[in-house]
Every structure is written in structure tokens, then in C-alpha cells.
Amino acid sequence: MKQLRDLTAVITGAASGIGLELARRAAAEGMRLVLADIDSARLETAAASLELSGDRLLLQRTDVSREHEVLALADAAFARFGGVHLLCNNAGVGLTRVSWEMSTADWNWVLGVDLWSVIYGIQHFLPRMLQQPDAGHVVNTASVAGLLSTPGMAAYNVAKHGVVTLSETLYGELLAAKARVGVSLLCPAWVPTLIHESARNRPQRFGAARPAAGLSAAYEAKSAQAVKSGRLTAADMANAVFDAVAEDRFYVIPHRRINNAIQLRMDDILNLRNPTQLG
Ligand SMILES: NC(=O)c1ccc[n+]([C@@H]2O[C@H](COP(=O)([O-])OP(=O)(O)OC[C@H]3O[C@@H](n4cnc5c(N)ncnc54)[C@H](O)[C@@H]3O)[C@@H](O)[C@H]2O)c1
């Protein structure tokens, strides 16, 4: 999709980080925006920074881990602007713990926000996007965690691997259906955002995670440090996404130096070698 002016973008997790930069770039392209986030106060502040007129903007508090809230978001977006052309399933959370210290609630929270949200987005937006006369595009934010298996991030890795294969599957299906809707998959490595403070938005129904200790605490500190020292910015991610949408390109992996780790994992698999541990 090359011409985006006056088309409508829906972006989840738009109050912060990569989602906010996707919104900023979509606004710069002249799109109408539907911005969703669980944190309505931060979403208001973020949206104000875009300086858009009210008739081009819809803000909706949405917990993307709840199906009826994603359905309500789709209903609101189509009702308000008559169509959705760019859907960014971007909201996500991280939790760093060794697998055996994660509770069922921990798993449900991470899989709910990071994987089920994308499934709900496809279920509730895509059928209507496919019926539109206009072209459309879906962008799913996964992570290089969907291509690697870094210790200490089990639920995140599982969710993001799910988003990768879901998106690859969807790509083939849309092609077979000769649909005018494309799909891209964003897989960032470390980007300085608030992802390391994800617990701030953990819904009450999941309770709180037990404080990390021992190896879990070491992994938690290491991943927070890696996020904070990420060299590419959230704006770099947004620019890479919009380039891919314009070129109808599927894989968006802006951190090119991660290729070595991906190659190593593939070689481990193909050579039946035990998983190589990095760093
Ligand atoms: N920052 C990184 O290093 C990195 C790396 C790879 C992938 N990602 C992915 O990028 C995406 C955006 O994350 P970010 O880095 O910008 O983090 P961020 O914390 O800055 O932004 C995430 C946004 O999602 C929102 N959110 C959290 N739970 C939600 C829910 N239940 N419903 C709706 N919104 C919810 C938060 O309020 C926040 O505004 C996520 O999918 C994340 O997994 C980030």
C-alpha cells in the first residue's frame, strides 16, 4: 500500500514506545487514527502530542487480552471511519522469569496480551477488511524472541513464536485468497521503550507476579539493561514498518546484527546440535 492519505489506521499499544511511533508516522502520512491502549491516561497524553484534529482521531481504552474489547474496538473503528486499512496488532508485555517459576496467571497474562490479542485482531478486523473495496494491510508486532529461544523469557518466547507462525500462515492464506490485504511481521531486538516496566499495566485479574529472585532476577536485570541500551529507536521501528507496508514486504527485522543468532539457531536445528547458548 503506497497511498495512505485519508485512510484509517488502528494501532494497539499506542500510548507508548513502538505503538506511539507507529501512530506518529501514520499521522504524518495523513491517516485517520484509531488508537487503543489499556492505559487510557497515557493514551490521552500520547494522542495530544500528535496534534490531530478530533474528526481524524478515535481513542479507545482496550484490554487486548479480552476478546470482547477487541471486538468493541473493531466495531467502533468501522462505525466511526467506515473502514480500516492498516491494522497494527502491536500491544505487548514482557515478563522475565525462569519457566518453572512462572504461575498460570503469569502465562495467561503474557499469552493473552502478546498472542491472543493478535488472534482476536485477525478474527474481528480481517473479515471486514477483506470485504472492503480498498486495499488493506495488517502489521503484527512479534519480536526476535519469535525467532530465538533466549532463556528467562519462556512465555514471551512462546507468544512471539506464535505470532510469527500465525503471521506466516496468514500471509499464505491471503495470497491463496488473492486478497487485497497484505501482512507484515515486525521482529525487533532491543528497543528503548517501557517494555521492561510491563507490570505497570498488568490487569488485576491476573494478580501480581512473585518478585524475581536468583536466576530470574539476574535475567530480569539483564533484559531491562538490554532494553535501555538498545541502539535503534521506536521511531526506527515505525519507519521500517511503513517502508514494508509501502513495498508489501513481509519480514521487518530492523536489527540486522541479530541475523547471526538466527542463523546459529537454524544451523543447530538442521545439524541436530544442542541449542547454542549466546552471551
Ligand atoms: N522494546 C523492545 O525491546 C521490544 C522488542 C521486541 C518486540 N517488542 C514488542 O513491541 C511491542 C510494543 O512494545 P514497546 O516496546 O513499545 O513497549 P511499551 O511498554 O513502551 O508499550 C507497550 C504498550 O502496550 C500497552 N499494553 C500493555 N498491556 C496491554 C493490554 N492488555 N491491552 C492494551 N494495551 C496494552 C501498554 O500500556 C503500552 O502503552 C510489543 O508487542 C513488544 O513485545 C518490543
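Here is a short talk about how some terms apply to this predicted model.

Colleague: What should I know before we start?

Modeller: The model is predicted, so local features need pLDDT of at least 70 and side-chain atom pairs count only at pLDDT 80 or more, while totals for chains, interfaces and linings use all residues. Residues are numbered from 1 along each chain as its sequence is written, and side-chain values use heavy atoms, with hydrogens and water left out.

Colleague: Why is Met266 called partly exposed?

Modeller: Buried means under 20% relative accessible area, exposed means over 50%, and partly exposed lies in between (1.4 Å probe, protein chains only). Met266 has a relative accessible area of 35%, so Met266 is partly exposed.

Colleague: And what makes Glu101 partly exposed?

Modeller: Its relative accessibility is 30%, so Glu101 also falls in that class.

Colleague: Which residues is Glu101 in contact with, leaving aside neighbours within four places in sequence?

Modeller: Those are Asp106, Arg210, Ala213 and Ser216; contact means heavy atoms within 4.5 Å.

Colleague: Why are β3 and β7 said to stand at the edges?

Modeller: The open sheet has the order β3-β2-β1-β4-β5-β6-β7, with parallel pairing. β3 (57-61) and β7 (251-252) each have a single partner strand, so one side of each is left without a neighbour in the sheet.

Colleague: How do you know that β1 and β2 pair?

Modeller: Two strands (DSSP runs of E, at least two residues) pair if DSSP finds at least two bridges between them. β1 and β2 have five bridges, so they count as a pair.

Key:
Helices (H or I, at least four residues) and strands (E, at least two) are DSSP runs, numbered from the N terminus.
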